[in-house]
Amino acid sequence: MKRIGEILRETCGLSEEALNSALEIQEEKGGRIGEILIRQKAITESDLLKALSIQFGMPFAPTLAVEGLKTEFTEKVPIQFLKKYMMVPVVNAASSAIAVNDPLVFQPLDDLRHLVGLNGTEIVLAPQSAIFSVINFAYDMSRTSAEQVIEGMHEEDTE
C-alpha cells in the first residue's frame, strides 16, 4: 500500500518540505499526517480524502444528495453517534451507501451497519460538511414528520 504522503505529492503537488515538516511534527507530538498537513494548510480536506480514496480503494463523494433520502435510520441511530464518528447512511431510490470521513473507523462502522441493516453496502469518503448536512437534514425531516403526526392526533382529539 502506498503511503499517504506519496499519494498527496502525486495528486495535489504537496511539496517535499511541507511533508517533511509535517513528519517532524508527527514524530514529536503524534497524530495523523493528513490532519497535520490540513492544520498547516499544506492541503485541503478534499485533497486528503481524494488521497485516502486512492490508498483504500474507496470512492470519494465531494457532495451527498439529500433528494429522496430515506430517514428511517433516525429512529434507530442517535444523532450524537453519527456526529461523533462523522458517518451517515445515504439511502435513496437510486443507491445506498454509508458516507464516512475516516476510513479507519471500523468498529463504529460495523455498529452502524448492524443497526440499520446495511451490511455489504458501499462505503464512500465524504467531507465533514457534506456528512453533517445529511445528518442535520435527516433528523430535521424526521422531527418534522413526528410533529405533523402529533398535530394530526391533536386535531382528531378536538373534533
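The exercises below, each with a worked solution, concern a predicted model of one protein chain.

**Exercise 1. The chain as a whole**

State how many helices and strands the chain has, and in what order the elements run.

Solution. Start with the count: the secondary structure comes to seven helices and three strands. Next, read from the N terminus, where the order of elements is α-α-α-α-α-β-β-α-β-α. Then turn to burial: of the 159 residues in the chain, 40% are buried. Last, take the contacts between residues at least 6 apart in sequence; 62% of these join residues at least 24 apart.

**Exercise 2. The buried residues of helix 1**

Find which residues of helix 1 are buried, and decide how they are placed around the helix.

Solution. Helix 1 covers residues 4-12, and its buried residues are I4, G5, I7 and L8. Look down the axis of helix 1: the buried residues fall within an arc of 160°, so they line one face of the helix. Now ask what covers them. The cover includes helix 2 (16-29), helix 3 (33-39) and helix 4 (45-56). Finally, look just past the end of helix 1, where G13 has a positive phi of about 70°.

**Exercise 3. Helix 1 against helix 4**

Describe the packing of helix 1 and helix 4 by angle, distance and handedness, and list the residues that make the contact.

Solution. Two values are needed first, because a pair of packed helices is described by the angle between the axes and the distance between them. For helix 1 and helix 4, the angle is about 120° and the axes are 9 Å apart. The crossing of these two helices is right-handed. On the side of helix 1, the contact is made by I4, I7, L8, T11 and C12. On the side of helix 4, D47, L48, A51, L52, I54 and Q55 take part. Sorted by type, the residues of this contact are eight nonpolar, two polar and one charged.

**Exercise 4. Q55**

Decide whether Q55 is buried or exposed, and find what its side chain reaches.

Solution. Q55 is in helix 4. Its relative accessible area is 17%, and the cut-off for a buried residue is under 20%. Q55 is therefore buried. The side chain of Q55 reaches the backbone oxygen of K2 at 2.9 Å. Leaving aside neighbours within four places in sequence, Q55 is in contact with M1, K2, R3, I4 and I7.

**Exercise 5. D102**

Locate D102 and trace the polar contacts of its side chain.

Solution. D102 lies in the loop between strand 2 (96-100) and helix 6 (106-116). With a relative accessibility of 16%, D102 counts as buried. Its side chain forms a polar contact of 2.6 Å with the side chain of R32. The side chain of D102 also reaches the backbone nitrogen of L104, at 2.8 Å. Not counting residues up to four places away in sequence, D102 touches R32 and L125.

**Exercise 6. Positive phi, and a loop contact**

Solution. Most residues other than glycine have a negative phi. K41 is exposed, with a relative accessible area of 74%.

P59 is in the loop between helix 4 and helix 5. P59 is partly exposed, with a relative accessible area of 31%. P59 and V124 are 65 residues apart in sequence, yet their C-alpha atoms are 5.1 Å apart in space.

How values were computed: Residues are numbered from 1 along each chain as its sequence is written. This is a predicted model: local features need pLDDT of at least 70, side-chain atom pairs count only at pLDDT 80 or more; totals for chains, interfaces and linings use all residues. Side-chain values use heavy atoms; hydrogens and water are left out. Helices (H or I, at least four residues) and strands (E, at least two) are DSSP runs, numbered from the N terminus. Buried means under 20% relative accessible area, exposed over 50%, partly exposed in between (1.4 Å probe, protein chains only). A polar contact is a pair of N or O atoms within 3.5 Å; within protein, one must be able to donate a hydrogen and the other to accept it, and residues adjacent in sequence count only if both atoms are side-chain atoms. Contact means heavy atoms within 4.5 Å. The arc is that of the directions from the helix axis to the C-beta atoms. Axes are lines fitted to C-alpha atoms, for helices over the stretch in contact, and angles run from 0 to 180 degrees between N-to-C directions. A crossing is left-handed if the near helix is turned anticlockwise from the far one by less than a right angle, and right-handed if clockwise. Ala, Val, Leu, Ile, Met, Phe, Trp, Tyr, Cys and Pro count as nonpolar, Asp, Glu, Lys and Arg as charged, and the others, Gly among them, as polar.
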